[in-house]
Amino acid sequence: MQTMEGFALSGRRIMALAVLMCGIGCTPEPQSTSIYQANSAPKKKASSPAYQEKLLNCEVDLPASWRNSITKGEIPTNTTGGQVGPTSVGPDGSAVFGQLETGTDKYTGAPINEEIVQLDWKSGSWSTVYKMEHSDRDQQVDGAYDGRWFVFAIQHSLSSYHDWSVHAWDSASRKNRTLDEDTNVPYPLVDAFSGKAVWSKKIDRDTTEVYLYGLATDRKTVIARGKIHTARIVGDLIIWLEVPSNGGLEFRAASLQTGSPVETPQGLQGVGQVGQLVASGSTLAWIESNFQTARAWRVGWDEPRTIFDEGPDKEIDDINISGDLVSWHAMDKGQPVYIGDVRTGSCVRLSERGGYVETNKDAMIIVYPSSTKQKYDSFMLRPSLLPPLPKK
């Protein structure tokens, strides 16, 4: 996992790209289960004794109300042209984006990604958002949708993290434009909200710039420069981690509307080491650099709250957040996906092996690639519509 020397990329995306870069002849470092490995959907394994075994102290049985929501939230991913792997979701779940995969390259084993598509829930069909220029090697590595603008990053190489571009698609005009591109630095993670896009990019070995882009005005502004971690949108703030001149690690903040620096919220002052950082709506969450503790902070809170901490014998990876729900991979055999509930401190296991999660303000998609032929089992949860998990 890259840290302050680069970008804190999600385990799923780092592993997926590592598989492509290795091709057939090597095994990538096990950050998390590859999206090209065989996995099983929870609805097919719910009765398995192994699946029901409790592994974590926070774990409770999956409530019937949650199971019903999983069934109702199933996402159709079969099309006449191929399979769709979900990659992004809108703030309220009404918009889902994915990559249309039409096969597998016989030389590299990588999926052939023809285009990025959007789901029409009523018809169950997918429509084109962006056509890949090189379908045998292009893949979407990040994306965020604010209700109108879909901002996404495309990786163009199977052998390097450094060949990428950032694009914006306007759902009103259905037109695309390129916001940024580079071939010398690792690809950025992007965020979008209220007509604004945010990402950070290394410009030399020790310096990263944070960009604020007005999607309606087509204006890009550098709002911070230094030894900086990935920037995230939290409420009406842009928040990032920075190494000051005297060392250590500190949160910094700026206004989303103007880009001007503002005082770091009290609850984020004095926070320790951070390995991964994510945000959704008004909530920020992170895994500490020991990969054993997950914490969350919400606008208005005086201090962060611990989401997961079960000591040195349990490690987690690939954190995501939506509303009161936080997801992660347990670094046990198979690396299953867990969902933790901030309201009760309880958690449930939603996969027996692997999978990945995409989130936005009030939508969480759990995806289980079920075979090497790219057949996906996917469903959406709306955190605001789910009752709290029972207390342990």
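Which residues does Val 129 touch, not counting residues up to four places away in sequence? In this predicted model, the residues in contact with Val 129 are Phe 97, Ile 116, Val 117, Gln 118, Phe 150, Trp 169 and Asn 176, when neighbours up to four places away are set aside. Val 129 itself belongs to strand E4, which covers residues 125-131, and its relative accessible area is 4%, which places it under the 20% limit and therefore among the buried residues. One of its contacts, Val 117, is twelve residues away along the chain, and the C-alpha atoms of Val 129 and Val 117 are separated by 5.0 Å.

The chain as a whole provides the setting for these local details. Its secondary structure comprises four helices and 27 strands, and buried residues account for 60% of its 392 residues. Where contacts link residues at least 6 apart in sequence, 46% of them join residues at least 24 apart. The accessible surface of the chain amounts to about 15900 Å², and carbon and sulfur atoms contribute 46% of that area.

In soluble globular proteins, nonpolar side chains tend to be buried together. The largest nonpolar core of the model contains 35 residues, of which Ile 239, Phe 251, Leu 284, Trp 286, Trp 297 and Trp 328 touch the most other members. Two or more residues of this core come from each of the strands E14 (237-242), E15 (250-255), E17 (276-280), E18 (283-287), E19 (293-298), E20 (305-309), E21 (316-322) and E22 (325-330). Strand E18 gives the most to this core, with four residues. Apart from this core lies another one, made up of 19 residues that include Ala 144, Val 166, Tyr 187 and Trp 199.

Trp 297, leaving out residues up to four places away in sequence, touches Val 234, Ile 239, Pro 265, Gly 267, Leu 268, Ser 282, Thr 283, Leu 284, Trp 286, Glu 303 and Pro 304. Thr 264 is placed in the loop between strand E16 (261-262) and strand E17, and with a relative accessible area of 14% this residue is buried. Beyond its neighbours within four places in sequence, Thr 264 is in contact with Phe 251, Arg 252, Ala 253 and Gln 269. Between Thr 264 and Ile 239, which are 25 residues apart in sequence, the distance from C-alpha to C-alpha is 8.3 Å.

A set of antiparallel strands is formed around strand E10 (196-204). Strands E9 (190-193) and E10 run antiparallel and are joined by four bridges, with Ala 192 standing opposite Ala 197 in E10. E10 is mostly covered, as seven of its nine residues are buried.

Most residues other than glycine have a negative phi. Against that background, Ser 194 has a positive phi near 55°, and its place is in the loop between E9 and E10, where the hairpin has two residues between the strands. The relative accessibility of Ser 194 is 43%, so that this residue counts as partly exposed. Phe 291 also has a positive phi, of about 55°, although it is not a glycine. The position of Phe 291 is in the loop between E18 and E19, and Phe 291 is buried, with a relative accessible area of 18%.

Key
Residues are numbered from 1 along each chain as its sequence is written. This is a predicted model: local features need pLDDT of at least 70, side-chain atom pairs count only at pLDDT 80 or more; totals for chains, interfaces and linings use all residues. Side-chain values use heavy atoms; hydrogens and water are left out. Buried means under 20% relative accessible area, exposed over 50%, partly exposed in between (1.4 Å probe, protein chains only). Contact means heavy atoms within 4.5 Å. Accessible areas come from the Shrake-Rupley method with a 1.4 Å probe; for residues, only the protein chains shown count as cover. A nonpolar core is a set of buried Ala, Val, Leu, Ile, Met, Phe, Trp, Tyr and Cys residues joined through side-chain atoms within 4.5 Å. Two strands pair if DSSP finds at least two bridges between them.
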